[in-house]
Amino acid sequence: MQWVHLVIGLALVEFFCFGFAVGAARGRYKIEAPATAGHPVFERYFRVHMNTLEQLLIFIPAALIFGMYLSPYVAAGLGVLFIVGRLVYFRSYVKDPAKRSAGFALSAIPNIILMLGAIFGAARAALLLHG
């Protein structure tokens, strides 16, 4: 599970860096806190950060559960793909939101696999324990 924990830690570092980028964009485009709108490019940075938060809510528990019941190595590998997908999403969304699809897919597909695998693995374990 150490690989899963390492990948989750890296995903959190990435999220922190995205937050730093939002802060820098806030200064660059003169958007005073607590405003979250006012310049289209700043809003892109902000949306990437918030969308990543939404995805992390699924990613972290799903990776932990998948890793526990199925395979920590597969969970970690899917996690690396998730991190790369988030970076692609970040770069493409800030540049042109219409071109965010590849980055979104590279992070959504691992999340779907992790989530379904987590449910399957936990259900299988529960049935074997009580079946």
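Trainee: What percentage of the residues of the protein chain count as buried?
Mentor: Of its 131 residues, 37% count as buried, where buried means under 20% relative accessible area, exposed over 50% and partly exposed in between, using a 1.4 Å probe and protein chains only. A word on the source: this is a predicted model, where local features need pLDDT of at least 70, side-chain atom pairs count only at pLDDT 80 or more, and totals for chains, interfaces and linings use all residues. Residues are numbered from 1 along each chain as its sequence is written, and side-chain values use heavy atoms, with hydrogens and water left out.

Trainee: Thanks! How many helices and strands are there?
Mentor: The protein chain has four helices and zero strands. Both are DSSP runs numbered from the N terminus, with helices being H or I of at least four residues and strands E of at least two. From the N terminus, the order is α-α-α-α.

Trainee: And what does the C-alpha trace span along its principal axes?
Mentor: About 60 × 25 × 20 Å.

Trainee: Let's take α1 and α2. At what angle do their axes cross?
Mentor: Roughly 170°, and the axes of α1 (residues 2–28) and α2 come within 9 Å. Axes here are lines fitted to C-alpha atoms, for helices over the stretch in contact, and angles run from 0 to 180 degrees between N-to-C directions. The two helices are therefore roughly antiparallel to each other; that label applies over 145 degrees, while under 35 is roughly parallel, 65 to 115 roughly perpendicular and the rest oblique.

Trainee: What classes of residue make up that contact?
Mentor: The contact of α1 with α2 has 20 nonpolar, five polar and two charged residues. Nonpolar covers Ala, Val, Leu, Ile, Met, Phe, Trp, Tyr, Cys and Pro, charged covers Asp, Glu, Lys and Arg, and the others, Gly among them, are polar. Contact means heavy atoms within 4.5 Å.

Trainee: Is Lys30 buried or exposed?
Mentor: Lys30 is exposed, with a relative accessible area of 70%. In helix α2 you can find Leu53, which counts as partly exposed at 40% relative accessibility.

Trainee: New topic: how do α3 and α4 pack?
Mentor: Helix α3 (residues 72–95) and helix α4 (residues 101–130) pack at about 155°, with axes 6 Å apart. That makes α3 roughly antiparallel to α4. Residues in the contact include Ala75, Leu78 and Phe82 of α3, and Gly103, Phe104 and Ser107 of α4. By class, the contact divides into 11 nonpolar, four polar and one charged.

Trainee: Which residues of α4 are buried?
Mentor: Among them are Gly103, Ser107, Pro110, Leu114 and Gly121. What covers the buried residues of α4 includes α2 (40–69) and α3.

Trainee: Last one: how far apart are the end C-alpha atoms of α4?
Mentor: They are 42 Å apart, which agrees with the 44 Å that its 30 residues should span at 1.5 Å a residue. The expected span is 1.5 Å times one less than the number of residues.
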